[in-house]
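Open your viewer, switch to a cartoon view, and get ready to select a few pieces one after another. We will go from stop to stop and look at what is there.

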Amino acid sequence: MMKALVLEEKAKLQIRDIEINESLGAQDVRIKISKVGICGSDIHYYQHGRIGDFIVKAAMVLGHEASGIVTEVGREVSHLRVGDRVCMEPGVFEHDSSEAIQGHYHLDPNIKFWATPPVHGVLRETVIHPAHLSFKLPDHVSLEEGAMVEPLASGVHVACKVGISPGDVAVVSGAGTIGALMALTLLASGCSQVIITDVKQEKLDFLIQHYGQRLIPCNVIHQDLTGCSQHHFPNGADLFIDCSGNPDAIAVAPACLKPSGKIVFVGMPQKPVPIDIVALQVKEIECISIFRYVNNYDRALALIASGQVDVKPLISKRFHFNESIRAFDFAISAPPDVIKVMIDCDDPMDIRQSE
């Protein structure tokens with residue numbers, strides 16, 4: 001039995017003891033959970049009890065953006081030791097699945113991804129996890145930064161898949177955690193400028209304050225995105241990456257892109273989105289869909305460790321594990337300049353609370 005944050009059903013969270021049957025295999029490690037970021041998917045399960053076909057039908061522990069400390073290693077594990085600080089890739093896949101064999105393990109339909117029904121997440125005391133999906137943090141990378149590797153990996157996956165060329169320009173729709181990290185990854189990967197959009201000016205002001213003028217803000221409440229894009233990129237953007245799932249944002253993508261540009265779907269719309277196929281055809285725009293990430297965790301960690309992407313400013317608010325329910329309620333109605341809410345599962349005496 002261990003303490004955990006349990007989603008009992010839609011809109012009902014409890015911190016309580018739960019029994020999770022896990023045994024340490026030869027190639028596994030046991031990890032004491034230290035930091036867990038609250039993801040938009042966690043909030044969505046809490047509020048709605050489902051995301052598409054993933055439905056909460058039984059009590060489930062939340063949380064998948066995590067870091068921790070190794071407390072036990074399996075007998076065949078050689079690259080990790082007790083006491084190592086690690087971040088963990090949350091999707092456990094079948095090595096012999098056709099998807100894994102083809103190099104697309106993230107598309108394995110039987111993947112066990114933390115906090116995706118019915119798989120328990122890691123807002124709990126400990127977890128047993130495959131050692132090959134547990135990545136040792138360099139000494140100068142904090143456990144909080146380690147928990148940010150998971151959302152950053154989505155940006156790295158996009159950068160790898162679209163094949164960024166030096167000097168490319170891009171539009172990123174949505175300035176939440178994924179959108180912000182997407183924009184920073186694009187800049188670190190070779191883009192010269194990125195327009196980032198949102199409906200909340202405070203988010204945009206925050207990002208410009210911390211990350212400089214290569215990020216161009218566009219408040220889509222007060223500005224026309226097409227006009228903004230054409231003003232800054234007269235020849236059109238090379239990439240339009242939607243992290244919002246907003247139909248209005250997706251609709252203007254073709255007008256923002258240059259001929260042979262690429263539109264990348266990262267955000268998940270809550271219902272089918274109509275799109276002007278002819279507008280895509282006349283520019284031969286390439287459409288790319290993204291689902292999580294694959295073979296990108298080490299790259300994401302390297303970007304943080306090298307200083308190419310500084311995730312620390314994005315951590316806006318911290319709560320202790322005992323305050324997890326309050327943390328989720330805060331995240332639902334957070335002030336507009338809040339990007340990432342982090343839950344600290346360490347001893348309360350070690351907490352340095354920041355507002």
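The axes in this tour are lines fitted to C-alpha atoms, for helices over the stretch in contact, and their angles run from 0 to 180 degrees between N-to-C directions. Keep in mind that this is a predicted model.

**Stop 1: two crossing helices.** Select helix H1, residues 40-48, together with H11. At what angle do their axes cross? The answer is roughly 95 degrees, and the axes come within 10 Å. Angles of 65 to 115 degrees count as roughly perpendicular, so H1 is roughly perpendicular to H11. Now show side chains: H1 brings Asp 42, Ile 43, Tyr 46 and Gln 47 to the contact, while H11 brings Phe 328, Asp 329, Ala 331 and Ile 332.

Stop 2: Zoom in on S1, residues 2-9, which is joined to the antiparallel S2 by seven bridges. Can you find Met 2? What stands opposite Met 2 in S2? It is Ile 18.

**Stop 3: helix H8.** Next, select residues 247-256, which make up H8. Which of its residues are buried? They are Ala 249, Ile 250, Ala 253, Pro 254 and Cys 256. Look down the helix axis: these buried residues fall within an arc of 160 degrees, so they line one face of H8. They pack against several elements, including strand S13 (169-173), helix H7 (225-232) and helix H9 (277-281). At the N-terminal end, Asn 246 caps H8, with a side-chain oxygen 2.8 Å from the backbone nitrogen of Asp 248.

**Stop 4: Ser 173.** Finally, pick Ser 173, which is found in strand S13. Is Ser 173 buried or exposed? Its relative accessibility is 3%, so it counts as buried. Among the residues it touches are Thr 197, Phe 240 and Ala 249. Its side chain also makes polar contacts with the side chains of Asp 242, at 3.3 Å, and Ser 244, at 3.2 Å. To end the tour, select Ala 183 too: Ser 173 and Ala 183 are ten residues apart in sequence and 9.5 Å apart in space, C-alpha to C-alpha.

How values were computed: Residues are numbered from 1 along each chain as its sequence is written. This is a predicted model: local features need pLDDT of at least 70, side-chain atom pairs count only at pLDDT 80 or more; totals for chains, interfaces and linings use all residues. Side-chain values use heavy atoms; hydrogens and water are left out. Buried means under 20% relative accessible area, exposed over 50%, partly exposed in between (1.4 Å probe, protein chains only). Helices (H or I, at least four residues) and strands (E, at least two) are DSSP runs, numbered from the N terminus. The arc is that of the directions from the helix axis to the C-beta atoms. Contact means heavy atoms within 4.5 Å. A polar contact is a pair of N or O atoms within 3.5 Å; within protein, one must be able to donate a hydrogen and the other to accept it, and residues adjacent in sequence count only if both atoms are side-chain atoms. Two strands pair if DSSP finds at least two bridges between them. Angles under 35 degrees count as roughly parallel, over 145 as roughly antiparallel, 65 to 115 as roughly perpendicular and the rest as oblique. Lists of a residue's contacts leave out its neighbours within four places in sequence.
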